[in-house]
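I opened this notebook to record what I looked up in the structure. The entries follow the order in which I consulted it.

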Amino acid sequence: MLALDALVDQDLLICPRCGSPVRPERGEWHCAGAGCVYADEPFPVVAGVPALVDFEHSVLDADRLRSVAGASEIERSRFAGLLRRLLHPANTTAPRNLARMVQLLRADAVGRRPRVLVVGGGTVGDGLDELYADQTVDLIAFDVYASPVTQFVGDGHSIPLADGSLDGVVIQAVLEHVLEPTVVANEIERVLRPGGIVYADTPFLQQVHEGAYDFTRFTDSGHRFLFRRFERIDSGTVAGAGTALRWSADHFVRALTRSVRLGRIVSLAFFWLSWSDRVLDQKHSVDAASSVYFLGRRTEEPITGADIVDYYQGGM
């Protein structure tokens, strides 16, 4: 991963309010833009890293972020991570698509290392281990909280990185947690160079899983249209109808019994539903997928409404 100092040296960091450069001065981070509120008022520093957020236009609150020292407000226990690994088959979709992304980026970035951003990279996502371990890629990661694998705290609605500064962007299980996904997709387009590549995977049929910070879902076609200014390389299902049914059983039991614990027990009992995704018909599974993905290259020719109707990959 690129060090925070390298981001500064390469003039990659910008103010999320006005777009001017951001630089550290005597332990404080200020915007260099004349008249910008963050020129006079420094960005908060939490867990040793700057929180480059336009707090006036974000769900994040500066005082609350300071009070928890940049920690996540969502409990992320080891037990929950272990439970996910027990319930889900290994994610083969993300590693396959990320390997393809890196291969394409290496071919484009002759004589230099591809620069890849992970939006929502507070933890190493499902199937992203090889990307984080890849020494041929300059990796940048941020999230709405600080962690050992992030260089700064940020908000995807206003990514604090320079225009056209990235070769690739990965955004996994994040778009459901942002207020305006179209704004985030536009930001991804902005920070990518012409021809840059995005990989996104996002829930479709999943129940709320981060409480007050869970807002949106996408069908496969809706997800494709979100990235309409990208040429499709590949898209489809990450987790299918079996996983969606297991999620539903879990939350049905929660609603019936008023018990999260009993819902999780039922989910464990029906773990095999997620494994059944491997044998289900893919066309019909797209219409009932738990989550979908899109891999695409930035283009100057967006698809139209008619194009998205023709795109439909389901079984109806």
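**Entry 1**

I began with Arg 229, which is partly exposed, with a relative accessible area of 24%. For this term I used the following cut-offs: buried is under 20% relative accessible area, exposed is over 50%, and partly exposed lies in between, with a 1.4 Å probe and protein chains only. I noted that the model is a predicted one, in which local features need pLDDT of at least 70 and side-chain atom pairs count only at pLDDT 80 or more, while totals for chains, interfaces and linings use all residues. Residues are numbered from 1 along each chain as its sequence is written, and side-chain values use heavy atoms, with hydrogens and water left out.

I then looked up the partner of Arg 229. The side chains of Glu 189 and Arg 229 meet in a salt bridge at 2.6 Å, N to O. Glu 189 lies in helix H7 (residues 181–191) and Arg 229 in the loop between H8 and E10, so this bridge ties together parts that are 40 residues apart in sequence. The term salt bridge stands for a side-chain nitrogen of Lys or Arg within 4 Å of a carboxyl oxygen of Asp or Glu. Helices (H or I, at least four residues) and strands (E, at least two) are DSSP runs, numbered from the N terminus. Glu 189 is buried, with a relative accessible area of 14%.

**Entry 2: the salt-bridge network**

I recorded a count of 18 salt bridges. One of them joins the side chains of Arg 193 and Asp 108, at 3.2 Å from N to O. This pair links distant parts of the chain, with Arg 193 in strand E9 (residues 192–203) and Asp 108 in helix H5 (residues 93–108), 85 residues apart. Is Arg 193 buried or exposed? Arg 193 is buried, at a relative accessible area of 14%, and Asp 108 counts as partly exposed at 36% relative accessibility.

Asp 108 also forms a salt bridge with Arg 297, at 2.8 Å from N to O. Here helix H5 holds Asp 108 and strand E11 holds Arg 297, 189 residues apart.

**Entry 3: helix H7**

I returned to H7 and listed its buried residues, among them Val 184, Ala 185, Ile 188 and Val 191. The buried residues of H7 pack against strand E8 (166–172), E9, H8, E10 and E11; contact here means heavy atoms within 4.5 Å.

**Entry 4: aromatic pairs**

I looked up ring pairs next. Rings of Phe, Tyr and Trp (its six-membered ring) pair if their centres lie within 6.5 Å; planes under 30 degrees apart count as stacked, over 60 as edge-to-face and the rest as tilted. The count comes to six aromatic pairs. In one, the rings of Phe 227 and Phe 230 have centres 5.9 Å apart and planes at 80 degrees, so the pair is edge-to-face. Phe 227 is buried, with a relative accessible area of 1%, and Phe 230 is buried at 2%.

How are the rings of Phe 227 and Phe 294 arranged? Their centres are 5.6 Å apart and their planes at 10 degrees, so this pair is stacked. It links distant parts of the chain: Phe 227 sits in the loop between helix H8 (220–226) and strand E10 (230–239), and Phe 294 in strand E11 (residues 291–298), 67 residues apart. Phe 227, Phe 230 and Phe 294 form one aromatic cluster.

**Entry 5: nonpolar cores**

I noted that the largest nonpolar core has 50 residues, and that those touching the most other members include Leu 13, Leu 117, Ile 188 and Phe 227. A nonpolar core is a set of buried Ala, Val, Leu, Ile, Met, Phe, Trp, Tyr and Cys residues joined through side-chain atoms within 4.5 Å. Not counting residues up to four places away in sequence, Leu 13 touches residues including Leu 4, Trp 29, Leu 52 and Phe 152. Another core, of 18 residues, lies apart from it, with Ala 94, Val 116, Leu 128 and Ile 197 among them.

**Entry 6: Asp 5**

Lastly I looked up Asp 5, which is placed in helix H1 (residues 4–9). Asp 5 counts as exposed, at 56% relative accessibility. The C-alpha atoms of Asp 5 and Ser 285 are separated by 45 Å, the two residues being 280 apart along the chain.
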